[in-house]
Each structure stands twice: as structure tokens, then as C-alpha cells.
Amino acid sequence: MRSSSFIAAVLAVTAPFAALATHIDPPQVPNTLAVPAGSKAFLIGHAVGTQNYICLPDGAAAKWVLFGPQATVFDDDGKQIMTHFLSPNPAESGTPRATWQHSDRTSSVWAMKIAESDDARYVEPGAIKWFLLQVKGTEAGTREHDRLTQTTVVQRVNTSGGVAPANECAVSADVGKTKFVPYTADYVFYK
């Protein structure tokens, strides 16, 4: 009886660490989006949300300008693991950056795009580009072993949708219009 209690206690303590050791197979990406040597994928999330655009002046005309994403990010089992949005990065005096905030642990990471690709061998027609983003700030959450604080780079891959409309923003009368364009993507976190 005593040995089964001991085994149960050991499993209860080690289970969270086993979950952190999940193997992630990095996706195939264009060479321009390769992660730095020695980087290891440790988390992947499947985002469902919108790419948000505003129509702004462009000389005598107007054009759509991205003002940020808004997405819910799920694990392979469909459980929400984080949210993705644009927010001020405290490590850069409030510079707006792509942000991911973990749902359970509340840790956050801010990143800046350093490379992009619309290579047709990878990116489907009508989809937003794939990105490589470098971490510019992290914030620890309320629990030990916060996963996002380990992040050094993030890849946005397997995109669908999210491209700004081809019309509805051409003349000064259109300025101020907004569009929330549905998209999906996978975000791969590396340490």
C-alpha cells in the first residue's frame, strides 16, 4: 500500500514536467524563415481569429493598413492555450508588438517580424504571409515553469485567409472604414 501511495505522489509531482517535454516536429518552411541554429520547437498553437485593417490615406487615394490580429490559440486537443493580439511591449517603452498571452499561466511574449514569405510552395493563395518573429520582451506569469518566457523566436505558418480586401478602400471617402478578416494560422514557439 505504501509503495502505491509513493508512486502516485511521484506521478503527481512529475506530470507537469512531462507535459513540458512534449516533442514538437518543426514545420517545413522557406529558407528565409529558418530559425537560428540550436533553436528547439517547444510549443505549437492553432490560431483562429481575425486580421484587423483600417482604411487610411495614401496620397490622394486610400489603402488598407493592418492594425493588429485578434485570435484565440488552441492546442491539438482543441483546448484554448493562449490569446494573440497587438499590445504595448513594456520592455520597449510601450512599442506595439504582436503579443501572445498564455491562458493558464498568464505569461506573455512580444515579438517583431524579422522575415516573411509568400512562397507559393508553402503559402496558399489568398492567405496572409508566413512570418519569422524575434522575441522583444517577455513577462512571467503567476505559475512556475511559465512556458512563454522561454521563447526566443516564433514562426507563423500554415496560414489561411486574413488578407485585406481588394476593394472598399480606394478614395478619401473610404478613410476610417475597418475590416476584420477571418484567418487561421499555426504559431510555433522556439527556445
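This report describes the strand barrel and the disulfide of one predicted model.

Local features are given where pLDDT is at least 70, and side-chain atom pairs count only at pLDDT 80 or more, while totals for chains, interfaces and linings use all residues. Residues are numbered from 1 along each chain as its sequence is written, and side-chain values use heavy atoms, with hydrogens and water left out.

**Barrel**

Eight strands, in the order β1-β2-β3-β4-β5-β6-β7-β8, close into a barrel with antiparallel pairing. From one strand to the next, the twist averages 35 degrees. Strands are DSSP runs (E, at least two residues), numbered from the N terminus, and two of them pair if DSSP finds at least two bridges between them. The angles run from 0 to 180 degrees between N-to-C directions, with axes as lines fitted to C-alpha atoms.

Strand β7 (residues 153-161) and strand β8 (residues 178-190) run antiparallel and are joined by seven bridges. Gln155 has Val188 in β8 as its bridge partner.

**Disulfide**

One disulfide (a pair of cysteine sulfur atoms within 2.5 Å) is found in a search of the whole structure. It is formed by Cys55 and Cys169, with their sulfur atoms 2.1 Å apart. The two cysteines link distant parts of the chain, 114 residues apart: Cys55 lies in strand β1 (residues 41-58), and Cys169 in the loop between β7 and β8. The torsion about the S-S bond of Cys55 and Cys169 is about 85 degrees, so the disulfide is right-handed.

| Residue | Relative accessibility | Class |
|---|---|---|
| Cys55 | 0% | buried |
| Cys169 | 9% | buried |

Note on methods
Helix = DSSP H or I, 4+ residues; strand = E, 2+ residues; numbered from the N terminus. Buried < 20%, exposed > 50% of the residue type's maximum accessible area, 1.4 Å probe, protein only.
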